[in-house]
Amino acid sequence: MTILIKQIIQLINLLHSETETRPIAWGVAMGFILGMTPAFSLQTVLVFLLLFVFRIQIGAAFLTACCFKFIAFFLDPLFNSVGCAVLEVDALK
């Protein structure tokens, strides 16, 4: 829990500093992808690779991933029912 609070404080300090907004925006985008996808997949490994290779704000990515992981947990039944409905359409068989 203290690591999360430390990341939040670092993100707030970063937002108040004079840095570019692109690494922060990329961090939020990568955090969204990490939060909405399953934990152990090839896509997650790719996103982690991108986080460490390119100049992307890692704190923003992890904080956003935590937030979106909670949202994805509650929206998972909705995603499942929509996916089943799409797969059962006769025109798509």
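Q: Where is V45 placed in this structure?
A: V45 sits in helix α3. The model is a predicted one.

Q: Is V45 buried or exposed?
A: V45 is exposed: its relative accessible area is 53%, and the cut-off for exposed is over 50%.

Q: Which exposed residues are on the face of α3 turned away from its buried side?
A: That face carries L42, V45, L49, F52 and V53, which are exposed.

Q: And which residues of α3 are buried?
A: In α3 the buried residues are T44, V47 and L51. Seen down the helix axis, they fall within an arc of 60°, so they line one face of α3.

Q: Why would residues three or four places apart point the same way?
A: An α-helix has 3.6 residues a turn, so residues at that spacing point the same way.

Q: What do the buried residues of α3 pack against?
A: They pack against α2 and α4.

Q: How far apart are V45 and L63 in space, C-alpha to C-alpha?
A: The C-alpha atoms of V45 and L63 are 18 Å apart, and the two residues are 18 residues apart in sequence.

Q: Turning to T44, is it buried or exposed?
A: T44, which is found in helix α3, counts as buried at 7% relative accessibility.

Q: Which side chain makes a polar contact with the side chain of T44?
A: The side chain of S41 does, at 3.1 Å.

Q: What does T44 touch, not counting residues up to four places away in sequence?
A: On that basis, T44 touches L34, T37, P38 and A39.

Q: Where is T37?
A: T37 is in the loop between α2 and α3. With a relative accessible area of 11%, T37 is buried.

Q: Which backbone oxygen lies 2.9 Å from a polar atom of the T37 side chain?
A: It is the backbone oxygen of I33.

Q: What is T37 in contact with, leaving aside its neighbours within four places in sequence?
A: T37 is then in contact with Q43, T44 and K69.

Q: A new topic: which residues make up the largest nonpolar core?
A: The largest nonpolar core has seven residues in all: M30, L34, V47, L51, I56, A61 and A65. Helices α2 (22-36), α3 (42-53) and α4 (58-87) each supply at least two of its residues.

Q: What does M30 contact, leaving aside neighbours within four places in sequence?
A: The contacts of M30 are with V47, L50, L51 and I56.

Q: Which residues of α2 are buried?
A: P23, I24, G27, M30, G31, L34 and G35 are buried in α2. These residues cover an arc of only 135° around the axis, which puts them on the same side of α2.

Q: How far apart are the end C-alpha atoms of α2, and what should its span be?
A: The end C-alpha atoms of α2 are 21 Å apart, which agrees with the 21 Å that its 15 residues should span at 1.5 Å a residue.

Q: And the span of α3?
A: At 1.5 Å a residue, the 12 residues of α3 should span 16 Å, and the end C-alpha atoms of α3 are 16 Å apart, which agrees.

Q: What is the mean pLDDT of the protein?
A: The protein has a mean pLDDT of 85, with 92% of its residues at 70 or more.

Q: Where is confidence lowest, and where highest?
A: Confidence is lowest in helix α1 (residues 2-16), with a mean of 75, and highest in α4, with a mean of 91. Where pLDDT is low, the predicted coordinates should not be read in detail.

How values were computed. Residues are numbered from 1 along each chain as its sequence is written. This is a predicted model: local features need pLDDT of at least 70, side-chain atom pairs count only at pLDDT 80 or more; totals for chains, interfaces and linings use all residues. Side-chain values use heavy atoms; hydrogens and water are left out. A nonpolar core is a set of buried Ala, Val, Leu, Ile, Met, Phe, Trp, Tyr and Cys residues joined through side-chain atoms within 4.5 Å. Buried means under 20% relative accessible area, exposed over 50%, partly exposed in between (1.4 Å probe, protein chains only). Helices (H or I, at least four residues) and strands (E, at least two) are DSSP runs, numbered from the N terminus. Contact means heavy atoms within 4.5 Å. The expected span of a helix is 1.5 Å times one less than its number of residues. The arc is that of the directions from the helix axis to the C-beta atoms. pLDDT is the predictor's confidence in each residue, from 0 to 100. A polar contact is a pair of N or O atoms within 3.5 Å; within protein, one must be able to donate a hydrogen and the other to accept it, and residues adjacent in sequence count only if both atoms are side-chain atoms.
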